[in-house]
Every structure is written in C-alpha cells, then in structure tokens.
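Okay, thanks for coming, everyone. Let me put the structure up.

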Amino acid sequence: MTLPYEGHDLAVAVADLLARPDDPRLPIRQPWWRQSLALGVPGIALLHLELAAAGLRPWQRAHHWLGTPTSGPVTTGPDSHPFHGAPALAHVLTCASTHRPGAYARALDDLDRAITADTRRRVAAAHARIDDGELPALAEFDAIRGLAGIGAYLLRRAPDGEELPAVLGYLVRLTQPLRVGSEVLPGWWTGSGPSGRADSRFRGGHGNNGLAHGIAGPLVVLALTALSGIVVDGQTAAIARICAWLERWRHDSTTGPLWPYWITRPQLRADRAAAHRAQRPSWCYGTAGLARAQQLAALALNDRAGRAAAEDALVRALADPRQLAATTDPSLCHGHAGLAYIAHRVAADALPDTARQLRDSVPRLLGSLDPHGAGPRHTAAALVAAGLGLLEGAAGVALAALSCSNAGASTSSWDACLLTAPTAHPLT
C-alpha cells in the first residue's frame, strides 16, 4: 500500500505535537536533550525549520526551538562531536541561515571557532596515532562522532578553509594499510567491537563497513569533496581503495548484492565472511547506505559501471521481501522512513531507468508508516509516543516524509549530517 496522504501532512502533524520546547511532557531536564542532534532538540528544530521554509508552519516556532539549544553553555572540545554539542548545533544554525541569510551569524561564528580548534586537535591526534602504528577508534573517523562527520560540516560551512583539506589528508591516510605485529590491516581497522567498546565477540577487532560508524562515511566525504572540486593528494586513490574493499566483501545473492555490516579478524585472515542472511538494508548499516556511498564514489570517479551497480543494488534490495521483512520500525536510521528517504535521494542522482524504479518505490515504503490508514494525526501520535529525535524518533520520520513530498523540494540540506544530501554531478 501507499501512504494515504501526502508526506508533508504527516510532518505537520508530528510538528504540531512538538510545537513548544518547554512542553512539560518533553524531557527538557535530561542532560542530552538540549544538544543532541540524534535524540533531542536540534533534530526537532530541523523539522520546524523545514516546515517554516516550506510555508507550512510559522518561523516563530522554529525560532523558539533554535533558541533552546543556544540559550546555555555549549559543549565543545573532546566531549563534542557531529551529533552532540558545538558541531551539532552549528549544523542546525547553518540550515537556518540557508533560509534566512545572516540569521544567527554571531552564534555560528562562535561555534565555528570552537569547531576549527577541535578539528585541528583531532587531525593532529589522528596523525600521531598513525605514526605510532596504533589502531583507530571508530569515533576518530566515523560520521556520527568522528572526522567524517566534521568534514561534511566543513564542506558546507568552510569549503575554502584550511581545516577541510587537513581532514581530507587524514582520511586519505586512514585508507592506507597499517602493519600491526605480523599482519597488515586496513587503516580503518579498529581494536574494539562495533559499539566502540571492547567486545569478546570481536577478538582482534573488526573492519566496519557502515555509513554511520564505518568506512562508508569517509568514502562519502572523499567523494563529495571531489565532486565539489576539492581534492588533495591521494584522494582519488583513497576512494578507489575503499571501493575495492567493498567489492571484495560483496556477496551476490539471488536477490541482489549484500554487504556484511563488518568483518572480523578471523574472516579477514580467511578472506571469507560468514554466511550471508537477509538483513535490513538501512541508512546506518547495510545496502541502502552503502548504495548511496558507492553511487557518490562512482560519480566522483566518473565510473558509469560502478554507478549503475550501486543504484541497481538499492533497487533490488527494496524489492526483496526478506530484506524488507527485516526492517521492522519506522525510523530514519534503520526503518521504513529511512529506506524511502534513501531511495528518494539516490533517485535524484540516478540513471533514468533506475531513478524511475526508485521513485516508484517511495510511496510504498512510506505506506509502511501507516499500514492501517489511521491518518496523519494518529500516526504522528504513535510516532511521538515511541520517540522524538532525528535518528530513531518522530522528527526524523517526519523529515524523511517531508523530503519525499513536493513540499520538501526546497531544502536547507538538513540531511548533510547524514552524508546523503543531494549533490550536483558530472554524469547524466
């Protein structure tokens, strides 16, 4: 079935339930609430921004939400990252300034100074770690907490600054092999489990393939900057190295290619992954996010075959009943809204036939948000009751639905933090 109403109707219904940041029913006293892009105020503010820009709700409401995270001390330095603290708030204010040039300029300048200093510290620490022959933490380089996410912000906010090439230089070095004892490992191999903590199930660490926490995040940043004409030494080779890694671990099933979420040390030594099974093809892990990452990489490399393969992988995943059955929630991060959103974004840069197939899949995927036709208000209430934020809550579902509707055509690139936002490209 398809969503029995427009996606912007659902977005408006969610926003109306989250109209006031001081609503006592909301977790206003929780420490994470004010500065968490993933879970709290900044993600909800993005929804109100996009609705105001579309003329669907007043700007004053968006302004109230933007005032909440900027009204007190902001976390900076080592305790901040792209989804918490200064970089998270700066992303939201940059979106606001896209629609209202000059707005929040002083706050953005203050945040940018903090982000610049932190970026320099992070890059220097990462190079020192490589010089010492040590393995990285996921939080060093990933999209959620690391330098890939910071690089995506710098591409929007300071593409001509010194920090973005420094981040790119680090990401290039991250892709180079690293000798640890008698073994040569990929440079992004981590000694922890996927949670970022020591895990007995991952003795010897793992190589993470995900877009949220793995090497696909750096791949996107390297590709997007190249598409924008920002290239450092070794960047093209680094893109190719990551693509070769993903090609190495791709499994061609009867319903399309699959990629393991991660590779363990025994699998690396055996050059063979575990038996493949149906898994959710989400933004954070799996085919949806990896298809977008590889599509952008192919565009950057002017690789028509790679582009077609990436786009076809997503088409086939979205037609596979087993993979769709593994998707069991509505979220942007790993649910039905995220699949619809990714299909919409990939279609915008896809070859014509593939673009048509992906666009045709979007209404069906959105229909899973309201399978019983309860209507936008009832569906919004259920979403809000289950969670509020961007990645796993109502705000993210609403933004995805809005972006897939005609009302969401004029975007502030709110999704740049997801590393999947639209981009101009040289291929047609």
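So, aspartate 112: buried or exposed? Aspartate 112 is buried, at 15% relative accessible area; buried means under 20%, exposed means over 50%, and partly exposed is in between, using a 1.4 Å probe and protein chains only. Its salt-bridge partner is arginine 157, with the closest N and O atoms 2.5 Å apart. By salt bridge I mean a side-chain nitrogen of Lys or Arg within 4 Å of a carboxyl oxygen of Asp or Glu. The two residues are 45 apart, with arginine 157 in helix H7 (residues 147–157) and aspartate 112 in helix H5 (residues 105–131). Helices here are DSSP runs of H or I, at least four residues, numbered from the N terminus. Arginine 157 itself is partly exposed, at 28%.

Quick word on the source: this is a predicted model, where local features need pLDDT of at least 70 and side-chain atom pairs count only at pLDDT 80 or more, while totals for chains, interfaces and linings use all residues. Residues are numbered from 1 along each chain as its sequence is written, and side-chain values use heavy atoms, with hydrogens and water left out.

Next pair: arginine 173 and aspartate 131, also a salt bridge, with the closest N and O atoms 2.5 Å apart. Arginine 173 sits in helix H8 (residues 163–174) and aspartate 131 in helix H5, so this pair ties together parts 42 residues apart in sequence.

Aspartate 360 and arginine 356 meet in a salt bridge at 3.7 Å, N to O. Both are in helix H16 (residues 352–367), four residues apart, or about one turn. Arginine 356 is partly exposed, at 45%. And elsewhere, salt bridges with shared partners join Asp16, Arg57 and Arg61 into one network. How many salt bridges does a search of the whole structure find? The search finds 25.

The axes of H12 (residues 287–301) and H15 (residues 336–348) come within 10 Å and cross at roughly 15 degrees; axes are lines fitted to C-alpha atoms over the stretch in contact, and angles run from 0 to 180 degrees between N-to-C directions. That makes the two roughly parallel, a label for angles under 35 degrees. On H12 the contact (heavy atoms within 4.5 Å) is made by Ala288, Arg292 and Gln295, and on H15 by Leu339, Ile342, Arg345 and Val346.

How values were computed: Parallel < 35°, antiparallel > 145°, perpendicular 65-115°, else oblique.
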